[in-house]
Amino acid sequence: MNKNEIAKVILRVVIGFTFFLHGLDKFQSGISNIADYFASLGLPGFFAYGVATIELVGGVLLVFGVLTKIISALFVFIMLGAIFTVKGPLGFLDGYELEFALIAMSVTTFIASDLKTVFAFVPTTKHITEVSS
């Protein structure tokens with residue numbers, strides 16, 4: 001692995017772990033409470049289950065480099081939703097700065113990932129050398 005590949009892995013693991021913890025927190029703090037909060041914002045309550053599941057499962061998938069392009073795109077949409085429904089009126093500082101940073105990291109991960117590669121850690125044949133006896 002060269003330094004650019006290492007940087008991509010670090011970014012992917014950090015963002016995956018961050019979303020995983022946010023999804024886990026939604027379930028541990030009571031997903032029905034989150035659903036009620038979504039409903040109070042005028043959103044369907046069942047969106048909370050989808051968002052929490054995408055964050056939880058998507059975070060794990062991203063850590064292991066599975067479906068990185070798809071998961072990164074989903075994370076961008078979730079963060080845009082958070083900004084436009086809740087955080088926007090609060091401004092950048094003490095408002096949506098975390099969501100903005102997560103969008104930037106997700107877009108970077110999206111751009112850096114290859115749609116043809118499903119598993120990031122699976123070596124390709126060009127990296128495998130045969131040992132002859």
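Which residues make the nonpolar surface patch of about 410 Å²? The patch is made by Met 1, Ile 6, Ile 10 and Val 14, where a patch consists of residues with over 30% relative accessible area and no salt bridge, like charges being joined within 9 Å and nonpolar side chains (Val, Leu, Ile, Met, Phe, Trp, Tyr) within 5 Å. Accessible areas come from the Shrake-Rupley method with a 1.4 Å probe, and for residues only the protein chains shown count as cover. At 40% relative accessibility, Ile 6 counts as partly exposed; buried means under 20% relative accessible area, exposed over 50%, and partly exposed in between (1.4 Å probe, protein chains only).

The model is predicted, so that local features need pLDDT of at least 70 and side-chain atom pairs count only at pLDDT 80 or more, whereas totals for chains, interfaces and linings use all residues. Residues are numbered from 1 along each chain as its sequence is written, and side-chain values use heavy atoms, with hydrogens and water left out.

Charged side chains were considered next. The structure holds three salt bridges, a salt bridge being a side-chain nitrogen of Lys or Arg within 4 Å of a carboxyl oxygen of Asp or Glu. One of them joins the side chains of Lys 8 and Glu 5, with 3.0 Å from N to O. Lys 8 and Glu 5 are three residues apart in helix 1 (residues 3-28), and therefore about one helical turn separates them. Lys 8 is partly exposed at 31% relative accessibility, and Glu 5 is likewise partly exposed, at 33%.

In another salt bridge, Glu 55 is paired with Lys 26, and the closest N and O atoms are 2.8 Å apart. This pair links distant parts of the chain, with Glu 55 in helix 3 (residues 47-63) and Lys 26 in helix 1, 29 residues apart. Both Glu 55 and Lys 26 are buried.

A salt bridge is also formed by Glu 99 and Lys 87, whose closest N and O atoms are 3.0 Å apart. Here too distant parts of the chain are linked, since Glu 99 belongs to helix 5 (residues 92-112) and Lys 87 to helix 4 (residues 68-87), twelve residues apart. Glu 99 is buried, with a relative accessible area of 7%, whereas Lys 87 counts as partly exposed at 25% relative accessibility.

Helix 5 also contains Thr 109, which is buried with a relative accessible area of 7%. When residues up to four places away in sequence are not counted, Thr 109 touches Leu 11, Arg 12, Ile 15, Leu 62 and Ser 72, contact meaning heavy atoms within 4.5 Å.

Aromatic side chains were then examined. A pair of aromatic rings is described by the distance of the centres and the angle of the planes. A search of the whole structure finds four aromatic pairs; rings of Phe, Tyr and Trp (its six-membered ring) pair if their centres lie within 6.5 Å, and planes under 30 degrees apart count as stacked, over 60 as edge-to-face and the rest as tilted. The rings of Phe 19 and Phe 75 are stacked, because their centres are 3.7 Å apart and their planes stand at 10°. With Phe 19 in helix 1 and Phe 75 in helix 4, the pair ties together parts that are 56 residues apart in sequence. Both Phe 19 and Phe 75 are buried.

The rings of Phe 92 and Phe 100, by contrast, form an edge-to-face pair, because their centres are 5.5 Å apart and their planes stand at 80°. Phe 92 is partly exposed at 38% relative accessibility, and Phe 100 is partly exposed with a relative accessible area of 48%. Ring pairs link Phe 92, Tyr 96 and Phe 100 into a cluster.

Backbone angles complete the description. Phi of Leu 67 is near 55°, a positive value in a residue other than glycine; Leu 67 is found in the loop between helix 3 and helix 4 and counts as partly exposed at 34% relative accessibility. Asp 94 likewise has a positive phi, near 60°, in a residue other than glycine, but Asp 94 lies in helix 5 and counts as exposed, at 73% relative accessibility.

Technical notes. Helix = DSSP H or I, 4+ residues; strand = E, 2+ residues; numbered from the N terminus.
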